[in-house]
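Hi there,

Here is the structure I promised to pass on.

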Amino acid sequence: MDNAGWHAQRRADKDSYRYFSRRHRGSDGQYVPEVVVGPLPHGQLSTQSPSDYASRPSNISSSAMHNIRLAEMPPAERAKAQRIPQMSPLLQFMVGPLLRYDTIDMNGVWHGAALIVTADAGSFYDPVPVLTYQWDPEEPTRTPNSPTSSTFSKYELSPHPADPHATTLLSREDVEKIGKDNEGGSKGCAATIDQTQRVIGQEIYVYSGRSGTFTFWRFPIRIQLGANELCIKYSINGGIQLSFCVPAFRQNMRWATYSCNGFSAGVNSDDFRGPGFKSGYDPMWVDLLQKHSQEPFHVLVGGGDQLYCDSVTREPELQDWVHAQTGPSKLAHSLTPEIAECIDRFLFNHYCASFRHGAFARANSSIPMLNMCDDHDPDDLQSCPIFQAIGARGYFFFLLFQCFINPYLDGLDDRPGRHPFKSLILGFQGPFVGLPSHSFLAPLGPNVHILMLDCRAERRKDRVCSDAQYRKMYDHIKQLPSSVEHLIVQLGIPIAYPRLVFLETALDSKLNPLISLGRNRTLGLSGLVNKFNSEAELLDDLNDHWTAKVHKKERNFFIQELQGIAKMKRLRITFLSGDVHCAAVGVLKTYTGGKNNVEVPPSVDFRYMINIVTSAIVNTPPPIAVIAMVSTLATKVHKTLHYAQTDETMMPLFTHEPNGTVRSKNKYIMGRRNWCAVRWDGRTGEVMFDLRVETEKGLGTSVGYEVRVPPPQWAPGP
């Protein structure tokens with residue numbers, strides 16, 4: 001459950017009034033904003049210096065060996081090996097490069113894109129930015145586990161525009177290559193690459209703010225896949241060279257998935273910062289990058305809450321609205337030009353600051369992303385002009401920064417050849433966001449596809465998706481090739497998860513004394529209510545869930561429709577979710593009538609659908625009492641779908657703590673930070689989900705809990 005705890009709520013409430021009291025206008029008569037970031041430094045030490053990620057003494061040996069190898073080189077080669085590439089012409093980055101995966105077409109061509117945002121005042125656009133990417137079709141991808149490669153130190157982050165002075169450990173092979181003459185016995189790195197493409201940047205949006213204008217550049221990337229996995233090296237205007245990996249043609253991908261990449265209001269991030277880390281944001285991202293260095297991931301799936309935007313309420317222009325005491329007074333606030341500018345300013349600067357920060361920046365520049373927007377119910381204030389503007393602009397910037405889409409430039413037509421991104425499924429416009437839903441159906445190999453279902457854009461308080469969106473999505477699934485055996489359905493919020501019906505009923509009651517005291521800010525209970533509409537904060541979270549009373553009928557119908565498609569298409573369907581800040585596995589399966597009846601084996605059960613829940617990679621787990629309550633409810637038998645011959649349960653996956661200690665209780669919910677590595681087993685046809693759970697808070701290491709999903713072994717048909 002998305003609950004940071006009592007103390008965090010109290011701190012957030014105090015912070016809220018601190019921002020209200022300290023707001024002031026500058027000499028120009030405008031409010032001084034809370035969040036403004038400048039361009040990334042060029043050729044200078046940035047705020048993310050190598051010392052910020054200094055390794056422990058036990059990890060110094062790899063750096064020492066690296067420096068020894070450099071010291072043995074001739075002066076010219078030694079200088080060349082450490083020189084920071086300079087862009088020509090110069091670009092002043094605000095964020096990027098970011099990578100995005102789209103699809104693989106029938107001809108085996110990989111489609112994706114890169115995105116950068118540049119500050120116009122410090123950049124030169126004659127000629128316009130150019131992305132150069134290179135690969136060698138004959139060279140198998142080398143990973144740090146190969147004999148010729150260097151030892152990877154998990155505390156040393158690779159060079160990035162946000163930190164150009166970070167050092168990469170060179171392999172012996174790389175050191176030997178540097179400075180060699182191309183006609184000599186050993187070729188330099190660039191000489192071994194026989195495929196080079198250059199792409200001119202497409203200007204897709206210009207943000208105009210107080211500090212100037214900033215341009216979004218999109219670079220389409222097309223790669224013909226071949227017999228081997230490929231390491232794609234890329235740079236922009238000849239600057240720092242980065243890389244990512246693509247699979248071989250007809251290879252099922254390795255991928256990673258995560259959610260909740262931020263801290264809730266009131267949480268002290270330093271509590272999650274272990275030795276060797278500057279920030280509590282980094283440890284689990286460094287763990288993910290460590291696994292990526294051993295065996296590269298081809299896709300990074302963002303399952304919701306890639307960015308936390310709660311801090312928009314700190315902006316000075318919004319303080320009168322945030323602190324209005326009643327719902328009607330909030331509804332009466334108009335959306336002034338000053339507030340509209342404030343919303344865009346916050347979103348632009350917050351994205352730039354977050355997506356160029358630390359280990360996360362390394363991940364989104366080295367593993368192509370596939371992202372979805374988290375899904376939460378609107379509340380009674382959604383018709384307020386200010387709230388609508390926050391939602392609409394938030395969705396627009398989500399599409400821009402995370403999907404590389406400007407809907408007003410790229411259009412709203414998803415027919416073949418009409419949109420830059422082939423995996424897009426456009427839905428219909430809901431009542432609040434002002435744009436149609438943007439879902440994505442993308443291949444993760446010939447046997448596995450993923451559906452990123454947009455449950456945000458069309459959402460109402462009593463409805464997650466429209467009937468029309470469901471029909472369009474079902475039609476696309478039915479058209480999947482017969483080779484596809486697994487469909488992963490990414491939903492922001494779990495669909496098979498313990499119910500909290502009794503708590504939902506209690507919090508919804510007008511007679512609940514605690515909520516009444518919270519609305520009156522009595523006895524320090526203001527943290528129990530939502531600052532926007534004074535309803536119970538926990539009830540707001542519960543109403544978001546598919547298992548909430550308002551969504552149960554829609555949920556059950558959705559599950560039954562997918563069961564019918566699974567049976568007809570011979571398709572194993574698996575749900576993937578985040579949001580709740582726990583790791584868990586829900587199970588849907590055929591109901592056989594009781595304990596003594598023989599269950600249908602999962603391999604031949606088309607109703608067998610598990611829900612992998614991985615959350616959060618950064619945020620704090622819920623309080624121990626909440627974890628205990630949810631764990632107790634995980635053993636409860638749910639009869640909601642017995643009429644449809646479907647049973648629901650939770651998988652007792654967590655029989656041991658990460659340190660190996662046996663868990664006598666609570667084998668269903670793991671209240672630690674986590675992410676998930678996923679791969680396809682070519683021997684069995686299973687999809688393997690490896691939930692990577694943090695060993696100790698802030699240490700940046702994890703232990704895996706593996707779940708295997710069998711391929712379908714029933715005959716297709718009605």
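**Salt bridges and a helix pair**

Asp-270 and Arg-273 form a salt bridge, with their closest N and O atoms 3.4 Å apart. Please keep in mind that this is a predicted model. Asp-270 counts as partly exposed because its relative accessibility is 42%, and Arg-273 is partly exposed as well, at 36%.

In total, the structure holds 30 salt bridges. Another of them brings together the side chains of Asp-344 and Arg-393, at 2.8 Å from N to O. Asp-344 belongs to helix H8 (residues 337-355) and Arg-393 to helix H10 (residues 385-403), so this pair ties together parts that are 49 residues apart in sequence. Asp-344 has 14% relative accessibility and therefore counts as buried, while Arg-393, at 22%, counts as partly exposed.

Arg-460 and Asp-462 also meet through their side chains in a salt bridge, at 3.5 Å from N to O. Arg-460 is partly exposed, with a relative accessible area of 36%. There is a network too: salt bridges with shared partners join Arg-210, Glu-315, Glu-317, Glu-341 and Arg-345.

Now for the helices. The axes of H5 (residues 283-294) and H9 (residues 358-366) come within 8 Å and cross at roughly 35°, and the crossing is left-handed. On the H5 side, the contact is made by Trp-285, Val-286, Leu-289 and His-292, and on the H9 side by Ala-359, Phe-360, Arg-362, Ala-363 and Ser-366. Six of the residues in this contact are nonpolar, two are polar and one is charged.

Best wishes

Definitions and conventions:
Residues are numbered from 1 along each chain as its sequence is written. This is a predicted model: local features need pLDDT of at least 70, side-chain atom pairs count only at pLDDT 80 or more; totals for chains, interfaces and linings use all residues. Side-chain values use heavy atoms; hydrogens and water are left out. Axes are lines fitted to C-alpha atoms, for helices over the stretch in contact, and angles run from 0 to 180 degrees between N-to-C directions. Helices (H or I, at least four residues) and strands (E, at least two) are DSSP runs, numbered from the N terminus. A crossing is left-handed if the near helix is turned anticlockwise from the far one by less than a right angle, and right-handed if clockwise. Contact means heavy atoms within 4.5 Å. Ala, Val, Leu, Ile, Met, Phe, Trp, Tyr, Cys and Pro count as nonpolar, Asp, Glu, Lys and Arg as charged, and the others, Gly among them, as polar. A salt bridge is a side-chain nitrogen of Lys or Arg within 4 Å of a carboxyl oxygen of Asp or Glu. Buried means under 20% relative accessible area, exposed over 50%, partly exposed in between (1.4 Å probe, protein chains only).
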